[in-house]
Amino acid sequence: MNGLLEWVGKTSRFSDPREAQKASLNICRRLLKKGGYLYIGIENRFALAYMQGTDHSGLRFTSYMPRFLANLYCTARKGEPYNTHTYTKMGYEKLLRDCGFGHVDFYLAYPGYNLPRMMVPYDNLHALAYVVRTLMGAAGTKRSIARAMSRLPGAPRLYRYLSYSFGIVARK
Amino acid sequence: MIHKVTKVIREHPEWLRSKDSVLSFMKVSMPTSGTVFDKGLGKVIIFVFEQGQTTPTICIKTVREYRAREVIRRNYNNLKLLSAGVSGSAFESLFVSPLYLYDDGNDIFCVESVCPGVMLSAQAGGADLVIEKYMLWQAHLAQTASRFLSSQDMMEYVNTSMEALKLPEIATNTLRKYLKRFPMSTNVRLPVLVQHGDMTPDNVLIEGDNICLVDYDYVGVNILAGFDLFNFLSKSSHQRQSLRAACSLYFPRYFESIGATTETYDNLLFIYYLEECNRKWLRGVDTRGDEIIGSFETLMNRK
């Protein structure tokens with residue numbers, strides 16, 4: 001499911017987008033063999049990148065807002081509720097656990113989940129620091145800042161909270 | 001695949017810093033991997049981290065589809081070729097160690113050690129160090145060189161390079177005419193030396209005074225001594241002078257260090273460039289004769 005789960009909530013069959021997402025994940029789980037894997041490529045709800053552009057709703061900052069506020073805002077601006085839910089790592093973990101997936105691994109997909117050049121294990125901060133220091137090119141101010149910041153204690157931890165997207169591998 | 005990789009690693013605890021380490025895997029692929037240009041043939045690199053370690057211990061190279069297995073075989077054999085050339089010498093650290101090739105008919109991957117260091121392209125300096133080390137390595141290889149290219153061999157080499165471009169006859173004639181502008185040495189004696197083939201700033205890692213060359217897909221494709229140097233200078237953005245000036249600075253020293261005899265090397269630069277064009281052509285970029293000459297001139301004068 002690459003770039004798909006966030007759109008599932010737009011269906012008219014469910015009033016709650018989260019319920020629609022759970023229903024689709026349940027279908028996937030049923031299709032899997034025991035021990036089979038589901039891969040999900042999706043955005044991080046608190047991605048720093050959303051400061052610069054619009055969310056799936058077509059409006060700015062909606063993913064950062066509490067759901068009820070995003071709902072009110074989208075209804076007022078677009079005439080429809082906020083139904084393209086994305087989550088944080090913890091949010092996806094809970095969603096997948098609710099759908100019966102026992103084991104879930106998270107990766108930071110760089111530069112994004114569509115054409116990821118790197119999949120960095122979420123729990124391995126050393127790997128993340130290694131990527132920034134060693135494998136990223138030098139060109140560009142953003143990269144220079146990222147490289148300088150990677151040396152600061154706690155910076156890789158902060159980066160992963162604000163990273164653009166996740167590659168999620170869930171096992172049945 | 002990861003299960004097979006893990007099994008192979010566990011069977012070889014000597015590769016790890018600590019044999020019971022918890023392993024985590026980080027996937028890295030090329031920018032084109034997975035795109036329409038790649039057609040499933042793209043290489044995928046997996047760095048294996050041991051828990052608590054700040055650098056990876058092992059590097060696994062594989063391909064998305066088994067039908068592209070030759071990419072991995074070639075990479076592994078090329079690395080073995082390079083390693084054999086520096087075995088027991090002071091240049092062993094110039095390349096990683098080939099550890100293992102796995103092929104079960106469904107999956108293929110090779111296991112290599114990991115180069116320490118940071119990509120040259122991620123640093124502000126270091127180009128001079130790379131050139132210095134490259135020259136020393138080539139001089140080391142030249143000591144045992146058994147084949148040499150003469151002027152006649154060079155002409156044949158040029159013909160082969162042009163044929164490989166598969167240009168229309170008129171374009172080939174344009175290139176030949178252009179090449180005649182350069183004086184050709186009559187007493188060329190150029191040792192045939194293994195070239196890395198893709199010595200770009202992205203493929204050079206630096207740590208302290210050591211460098212390490214990675215990515216072995218094109219090893220041995222070029223036998224023309226100095227191709228790597230030209231390739232490096234043309235891809236490097238660390239030069240303040242034009243490429244032509246950089247070549248005049250480094251090539252005389254290079255030829256002297258490998259014991260080559262040539263009165264002039266201007267023609268060689270264009271031949272190196274034809275080799276680069278061959279590479280582009282192989283990558284599906286349409287190249288015409290006048291474009292080649294134009295881009296060569298632009299490149300040589302670029303700062």
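Predicted model: local features only at pLDDT ≥ 70, side-chain atom pairs only at ≥ 80, totals over all residues.
## A short tour of chains A and B

B:Cys59 stands opposite B:Glu112 in strand β5 of chain B.

**Strands around β5(B)**

- β4(B) and β5(B) form a hairpin with 4 residues between the strands, where B:Gly105 takes a positive phi near 90°.
- Is β5(B) enclosed or open? Strand β5(B), residues 108-113, has 5 of its 6 residues buried, so it is largely enclosed by the rest of the structure.
- As you follow the strands by eye, remember that in a regular strand the side chains alternate between the two faces of the sheet.

**Chain B as a whole**

- Chain B has 9 helices and 10 strands.
- Its radius of gyration is 21 Å, close to the 19 Å that the globule rule gives for 303 residues, so chain B is as compact as a globular protein of that length.
- The C-alpha trace of chain B spans about 65 × 40 × 35 Å along its principal axes.
- Of the 303 residues in chain B, 36% are buried.
- Take the contacts in chain B between residues at least 6 apart in sequence: 68% of them join residues at least 24 apart.

**Two domains in chain B**

- Where the domains touch, 14 residues come from domain 1 of chain B and 15 residues from domain 2 of chain B.
- On the domain 1 side of that contact there are 8 nonpolar, 5 polar and 1 charged residues.

**Where chain A meets chain B**

- Here 17 residues of chain A are in contact with 19 residues of chain B.
- On the chain A side, β3 (118-121) and α4 (125-135) are the elements that give two or more residues.
- Which of them gives the largest share? The answer is α4(A), with 7 residues.
- The chain A side is made up of 11 nonpolar, 4 polar and 2 charged residues.
- A strand pairing crosses between the chains as well: β3(A) and strand β1 (residues 23-29) of chain B are antiparallel over 2 bridges, and A:Met118 stands opposite B:Val28 in β1(B).
- Helix α4(A) is mostly covered, with 8 of its 11 residues buried; among them are A:Leu128, A:Tyr130, A:Val131 and A:Leu135.

**The nonpolar core**

- The largest nonpolar core has 107 residues, and those with the most contacts inside it are A:Val120, A:Val131, B:Met26 and B:Leu229.
- Helix α8 (residues 266-282) of chain B gives the most to this core, namely 8 residues.
- Domain 1 and domain 2 of chain B each supply at least three residues to this core.
- To see one part close up, find B:Leu229: leaving aside its neighbours within four places in sequence, it is in contact with B:Ile131, B:Tyr134, B:Tyr250, B:Phe251 and B:Tyr254.

Note on methods:
Residues numbered from 1 in each chain as written. Chains lettered and ligands numbered in written order. Core = buried A, V, L, I, M, F, W, Y, C linked by C-beta atoms within 7 Å. Buried ≥ 20, exposed ≤ 12 C-beta atoms within 10 Å, placed from the backbone. Domains from an automatic or database assignment. Contact = placed C-beta atoms within 7 Å. Nonpolar A, V, L, I, M, F, W, Y, C, P; charged D, E, K, R; others polar. Pairing = 2+ DSSP bridges. Rg over C-alpha atoms; globule rule 2.2 N^0.38 Å.
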